[in-house]
Amino acid sequence: MKISILTLFPEMFDAVLNQSILKRARDKGLYDIEIINIRDFSKDKYHHVDDTPYGGGAGMLLQIEPIDLALQSVRSDNSFVLLTSPKAKPFNQLKAREYANKEHIVIICGHYEGFDARVETLVDDRLSIGDFILTGGELAAMVVVDSVVRLLNDAISKDSLDVESFDNNLLEYPQYTKPPVYKGMKVPDVLLSGHHKNIQRYRLKEALKDTLRYRSDLLKNHEFTKEEIELLKEIRDELKNTK
């Protein structure tokens, strides 16, 4: 996979790309990344890339020409171009898996007040990581790169990917490690029992419980198995009894 980032602040990516899984995956040759400075494509002698909006208003807008030229320098027939923008459905694990299958992802990072609207005609999809405002799109781009790269083959162990939050519209079950008791807080007995069927049932129940508690909206799109329906009934009965 190849990833190209178009940004006004290339230095922001140095620390993120040279740490942990992103660095190891890059060292393995699982992906290649290039950081393109949009200012390098400005025809202004001072390398300005923004200007005031027509019709008035606060802030400065990124101009289309330097972005278009920067994009042309990296774009090919297999490129999939993303624009960081609040005008998009929030990024999720399903999108991460979709992007992980692309040969070449290009992410254009917004900044200042936004873009000249004509920039939107240059892209294949828009990208938002949530309903909040960032100073620029660089942090959103980092989030996407991290979530996509870890899904590439051999980036991390397959076992680590088998059960994760948001897969199958469920949050991940709680996990524990040594010591078995810390300041009176005990690891659930079932996890120490060695009974794999009971452990599996416990984990599924806890995943359903946490999803119901923290992200009940995910359950609207979840296809329940017979066992999950039974467990969900148990959970709701338990919640009623604790009130």
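The model's open sheet has 5 strands in the order 2-1-6-5-8, paired in parallel; strands here are DSSP runs of E at least two residues long, helices are runs of H or I of at least four, and both are numbered from the N terminus. Pairing takes at least two DSSP bridges between two strands. Strand 2 (32-37) and strand 8 (125-127) sit at the edges with a single partner strand each, so one side of each has no neighbour in the sheet. On average, neighbouring strands are turned by 25° against each other, direction ignored; axes are lines fitted to C-alpha atoms (for helices, over the stretch in contact), and angles run from 0 to 180 degrees between N-to-C directions.

This is a predicted model, with local features needing pLDDT of at least 70 and side-chain atom pairs counting only at pLDDT 80 or more, while totals for chains, interfaces and linings use all residues. Residues are numbered from 1 along each chain as its sequence is written, and side-chain values use heavy atoms, leaving out hydrogens and water.

Within the sheet, strand 5 (residues 79-84) and strand 6 (residues 104-108) run parallel and are joined by 5 bridges. Ser79 stands opposite His104 of strand 6. Helix 4 (residues 93-100) lies across strands 5, 6 and 8, at about 145° to strand 5. Helix 5 (residues 138-149) also packs on the sheet, touching strand 1 (2-7) along with strands 2, 5, 6 and 8, and its direction makes about 175° with that of strand 1. Contact here means heavy atoms within 4.5 Å.

As for nonpolar cores (buried Ala, Val, Leu, Ile, Met, Phe, Trp, Tyr and Cys joined through side-chain atoms within 4.5 Å; buried is under 20% relative accessible area with a 1.4 Å probe, protein chains only), the largest has 27 residues, and Ile5, Tyr31, Tyr99, Ile107, Val145 and Val149 have the most contacts inside it. Strand 1, helix 2 (20-27), strand 5, helix 4, strand 6 and helix 5 each give two or more residues, with helix 5 giving the most, 6 residues. Setting aside residues up to four places away in sequence, Tyr99 touches Met1, Phe80, Leu82, Phe91, Ile105, Asp125, Val144 and Val148. A second, separate core of 18 residues includes Leu6, Val49, Ala70 and Leu71.

Terms used: Buried < 20%, exposed > 50% of the residue type's maximum accessible area, 1.4 Å probe, protein only.
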